[in-house]
Amino acid sequence: MAEEAAAQPRPRPAARPARRGMGEEEVRATQVAAERKRAQAEADKVLVWPDLVYAEFMAAVFLTVVLFIISLVFNAPLEEEANPNKTPIPSRAPWYFLGLQEMLVYFDPWIAGVLLPGMIIVGLMLIPYLDTKPTVGVGVYSWKGREWQYIFFIGGFALWIILIIIGEFFRWGPWAWYWPWEPRDQIKVVAEHLSWCPGHKDPPPGMFCLLGAVIYLVFNGLAFTYPAWVGLINRDWGRRALNYYRTLGLIRFLILMIFVSWTLFLPIKMFMRLVLKWKYLVVTPYFNI
Amino acid sequence: MGEGESEQTTSQRPTEATTPKPSIRSGNGFLGKLKEKASTTFWAIVNSHFFRSVYRTPWPTDRRSRIMTVLNSLVLHLHPTRIPRHAVKVSFTWCMGGLSFYLMLLLTITGILLMFYYRPDPIHAYMDTKYLMNDVPFGRILRNLHRWGAHAMLITVWLHMLRVFLTGSYKPPREFNWVIGVTLLVLTMLLSFTGYLLPWDQLALWAVTVGTNMARATPFLGHEGPGAQLLGLTQYNDIRFALLGGSIVGENALIRFYVWHCLGFPFIHACLMAFHFWRVRKDGGISGPL
C-alpha cells in the first residue's frame, strides 16, 4: 500500500506527518484538504482598491467630522496660569493615568507608581509567550476554547477602566471617597476609621502583623499551588489544572502566577481598604504591602 | 502571489484609462446634463497629461489596474493588493488600528501648526496658549483638535489592543508584533502625558507633579523609594531629577517635556510604527481563521 502511494504524484513533497501515528494516505488527505482550503480562501479575497480603501476613507472622514464637531462645541481645558505655590485640591493626574493614581490609595507609591505599572507593561508583552493555546481562536472571536483567556484579559481591562472611573468621579478633596450625590464642599478626613493592619489600629509593635501575614501567605500559597489542590474540589478541574501546569512548565508557570496573583490581589486589596478599612496587609520594618 | 502581483511593475507611462460606458442613465433634464458634464470633466482630468504623470497607473477601472494602483502607490502599498473578505468588515477590525494611525497623522499636522505659536518657557508658554485660544485665526479649533484628538487616540489604541487580543491576533507568528504594539501603547500615553504640561496652566502643572511624584518612589532610583538611604539618594540626584531637570516642575521640566513631546517620542513612535506595519505584512497580513 505504501509503495502504491509513493508511485502516485503527490500534491507536495513528502512532509512530516502532521500528527504522529498518521498513515501516508491520511497525511496526503490532510495536505490536499489544506491546499483546497487555501485555494478557496485565495479565491475568496477582495480587492484592496476599492473595498478596503473605501472603508478606511469613510472611517477617517467620519472620525474627522466627529472630532471637528467636538472641537467646535467643547474647548480644551485651560485654567489659570501655573502657580507652584497654590496646590489645587484634588490634584488629578491626566485621566488615562488615574488608574495609577487610584492604586496609590491601596499600595505604597513604589508599588502603585512603579512596580505595578511596570508589571502591567511587562505582563502585556508576555501574553503571547505564556499562551498555552497558540493555535486556538486565531483570527476569530471565539469565546469557546479561550474562556479563561477572555475572562482574565477583559477582567483586567475592566479593572483599569473601573479605577479610572473611580478616580474621576468618586474622588474629591484629599482623594477621599465621595458618592456623586454628596456635596463636594464638605471636607472629608481620609485617615478616619482606618486601622494600620488587620487587628491593629496603630502600627503594631515590632512592625509585624501576624493575621495580615497569614492572610497574605495563604492567598499566595493557594494561588501558586492551585493545580495541586483544585482536584480535591472537582476531579475534572484538577486534571485540567495539572495539564495546564505541565504544558507551561515550572518556570513559565511561576512567572504567569506572579502576574495572575497580583492582578487578583488588587481587587482584594481594594476590598480590604474600602470595606474592611485596613491600610496594610503585610507589615515589615522595610516595606508594607 | 496573486495574478496581479506577479506582473512586473513597469516604468512605462501609464496608458489612458478606458473611459467606461456611461452607466448612469442620463436623462434629458438639468440633472441628467449635469451628471453627463461631471462625468466628462472627471475623465478629462483623470486622463490629462499631468494626472497621468503623477500616478504611475491609469485610473483604476478594471481588476488589473486596481491591483496596480495599490502596488504602485507609496501610501497604498502598505496594503496587500487583495485581502480576505472578513478583513474589510468593521465588525471584525473595529477600524481601530487604522484610526490610531490616522489620528497620529492628524496630531502631527495640528502639532506642527501649534508649534508656530508656542514658546516653551514659563514666561511665554501660558500666554501663547491663551493667544492661541483667543486671537490666532483658527487657533482655538487647532488646539481643541490636538487635545481631543490625543484623547481619542488613547481610546482607539486601547480598543485596538482589546480587539487584537479577542481575535487571538497576538498568537504565533505575531508574538513579537504584539510586543511592539504594547511599546507603542506606552509611547502613546507618554506622548499624551508630555503634552499635558505644555499649556503651563494649573491643570498641567499639578497633573505632571502628581505623575512625576510617582518616580520618587522608584526602588533604588527615587529618593523616597526602598533603598534610597542605602545609595544616598536625595531629591537632587534621583530619577525624578533626571526626568524634570530639577527638583520641581519648572522651566527645565517644561523644555524637556517639550522636546520629548515634539521630537523625541514622535521619532521613536514613528520608527516603531513603521516596524509594526511592516511586520503585520510579513507575518501574513491581518489575522484570519485557517
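A: Happy to! First, a word on terms: the domain bounds used here come from an automatic or database domain assignment. Keep in mind too that this is a predicted model. For chain A, the assignment gives domain 1 as 94–186 and domain 2 as 193–289. The C-alpha centres of domain 1 of chain A and domain 2 of chain A are 18 Å apart. Where these domains meet, 11 residues of domain 1 of chain A are in contact with 17 residues of domain 2 of chain A. On the domain 1 side, α4 (98–106), α5 (109–126) and α6 (147–169) of chain A each supply at least two residues.

Now for the partner chain. The contact between the chains takes 62 residues from chain A and 75 residues from chain B. On the chain A side, two or more residues each come from α2 (24–43), β1 (46–47), α3 (48–73), α4, α5 and α6 of chain A. Here α3(A) gives the largest share, with 14 residues. The side of chain A that touches chain B counts 42 nonpolar, nine polar and 11 charged residues.

Strands take part as well: β1(A) is joined by two bridges to strand β1 (residues 82–83) of chain B, and the two run antiparallel. Within this pairing, A:Val46 stands opposite B:Ile83 in β1(B).

Note on methods. Residues are numbered from 1 along each chain as its sequence is written. Chains are lettered from A and ligands numbered from 1 in the order in which they are written. This is a predicted model: local features need pLDDT of at least 70, side-chain atom pairs count only at pLDDT 80 or more; totals for chains, interfaces and linings use all residues. Two residues are in contact if their C-beta atoms, placed from the backbone, lie within 7 Å. Helices (H or I, at least four residues) and strands (E, at least two) are DSSP runs, numbered from the N terminus. Ala, Val, Leu, Ile, Met, Phe, Trp, Tyr, Cys and Pro count as nonpolar, Asp, Glu, Lys and Arg as charged, and the others, Gly among them, as polar. Two strands pair if DSSP finds at least two bridges between them.
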